[in-house]
Amino acid sequence: HLTGDIHAVTAANNLLAAQMDARIFHELTQKDGPLYDRLVPKIKGVRKFSSIQLRRLNKLGIDKTDPDSLTPEERTRFARLDIDPAKIMWNRVVDLNDRYLRKITIGQSPTEKGFSRETCFDISVASEIMAILALGNDVDDIKTRLANMVVALDKAGNPVTADDLGVTGALAVLLRDAFEPTLMQTLEGTPVLVHTGP
């Protein structure tokens with residue numbers, strides 16, 4: 001496993017894929033009110049937007065910061081990403097070339113209530129997250145790039161990003177140790193910095 005960078009990228013990539021499928025499932029199985037209540041729950045009787053939720057509101061052109069002040073239409077726009085399952089571009093990854101994972105069907109468990117779709121696995125180093133990790137200038141730049149990754153299109157053809165799914169912070173936490181290069185040595189004993197994937 002060498003530096004652990006590829007494992008971190010795999011975990012982050014697959015977390016994003018799992019979150020996207022979970023979001024699609026919840027949007028298919030819940031009405032607008034309960035969905036909004038799950039996204040912005042009352043904690044000790046108080047509802048508060050997180051910073052990532054405020055960014056989503058800003059993206060939607062809603063300039064409110066009190067969760068209880070949103071109209072029913074604004075709550076629906078906020079809560080529903082309305083991802084088109086036929087326009088998902090984010091695949092899961094695994095760190096080996098397993099030809100039988102090149103096309104799979106997910107969601108066949110009875111608990112998924114009939115939501116299944118075809119998808120595939122890519123190799124971990126082909127993840128966009130690996131490219132971001134390798135090319136980012138600093139932690140803030142990497143977080144911005146992670147937030148802006150387009151994972152799917154909604155049914156109106158608009159891009160859905162990692163930030164829309166609310167996972168940017170979680171991705172950064174999984175990758176935090178991979179931000180730093182690893183000091184190793186060559187067979188000749190020369191120090192060398194090894195960073196990210198091939």
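Student: At what angle do helix 2 and helix 4 pack?

Tutor: Keep in mind that this is a predicted model. Two packed helices are described by the angle between their axes and the distance between those axes. For helix 2 (residues 32–39) and helix 4, the axes lie 9 Å apart. The angle at which helix 2 and helix 4 pack is about 65 degrees.

Student: Which residues of helix 4 meet helix 2, and how many residues of the contact are charged?

Tutor: Helix 2 brings Asp32, Leu35, Tyr36 and Leu39, which meet Arg75, Thr76, Phe78 and Ala79 of helix 4. By class, the contact of helix 2 with helix 4 holds 5 nonpolar residues and 1 polar residue, and the number of charged residues is 2.

Student: Is the crossing of helix 2 and helix 4 left-handed or right-handed?

Tutor: The handedness describes how helix 2 passes helix 4. That crossing is left-handed.

Student: How are helix 1 and helix 7 oriented to each other?

Tutor: Helix 1 (residues 5–29) and helix 7 (residues 168–175) pack with their axes 8 Å apart, at an angle of about 165 degrees. Angles over 145 degrees count as roughly antiparallel. Helix 1 and helix 7 are therefore roughly antiparallel.

Student: Which residues make the contact of helix 1 with helix 7, and how many of them are nonpolar?

Tutor: Helix 1 contributes Ala8, Val9, Ala11, Ala12, Leu15 and Leu16, and helix 7 contributes Ala170, Leu171, Leu174 and Leu175. No polar and no charged residues take part in the contact of helix 1 with helix 7, and the nonpolar residues number 10.

Student: How does helix 1 lie relative to helix 5?

Tutor: The axes of helix 1 and helix 5 (residues 128–135) come within 9 Å and cross at roughly 130 degrees. That angle makes helix 1 oblique to helix 5.

Student: Which residues of helix 5 touch helix 1?

Tutor: Helix 1 passes helix 5 in a right-handed crossing. On the side of helix 1, the contact is made by Ile6, Val9, Ala12 and Asn13. By class, this contact has 6 nonpolar, 1 polar and no charged residues. The residues of helix 5 are Ile129, Met130 and Leu133.

Student: Which element supplies the largest share of the lining of the largest pocket?

Tutor: The largest pocket has a volume of about 210 Å³. Of its 13 lining residues, the closest to the centre are Arg56, Leu60, Arg80, Leu81 and Asp154. Helix 3 (51–60), helix 4 (72–79) and strand 9 (159–161) each supply at least two lining residues. The largest share, 3 residues, comes from helix 3.

Student: How many residues in that lining are charged?

Tutor: The lining of the largest pocket includes 4 nonpolar and 2 polar residues. Its charged residues number 7.

Technical notes: Residues numbered from 1 in each chain as written. Predicted model: local features only at pLDDT ≥ 70, side-chain atom pairs only at ≥ 80, totals over all residues. Heavy atoms only, no water. Axes fitted to C-alpha atoms, helices over the stretch in contact; angles between N-to-C directions. Helix = DSSP H or I, 4+ residues; strand = E, 2+ residues; numbered from the N terminus. Parallel < 35°, antiparallel > 145°, perpendicular 65-115°, else oblique. Contact = heavy atoms within 4.5 Å. Nonpolar A, V, L, I, M, F, W, Y, C, P; charged D, E, K, R; others polar. 1 Å grid on protein atoms, 1.4 Å probe; cavity = no way out; pocket = protein on both sides within 12 Å on 5 of 7 lines; lining within 4 Å. Points joined across faces, edges and corners; volume = space filled by probe spheres on them. Left-handed = near helix turned anticlockwise from the far one by under 90°.
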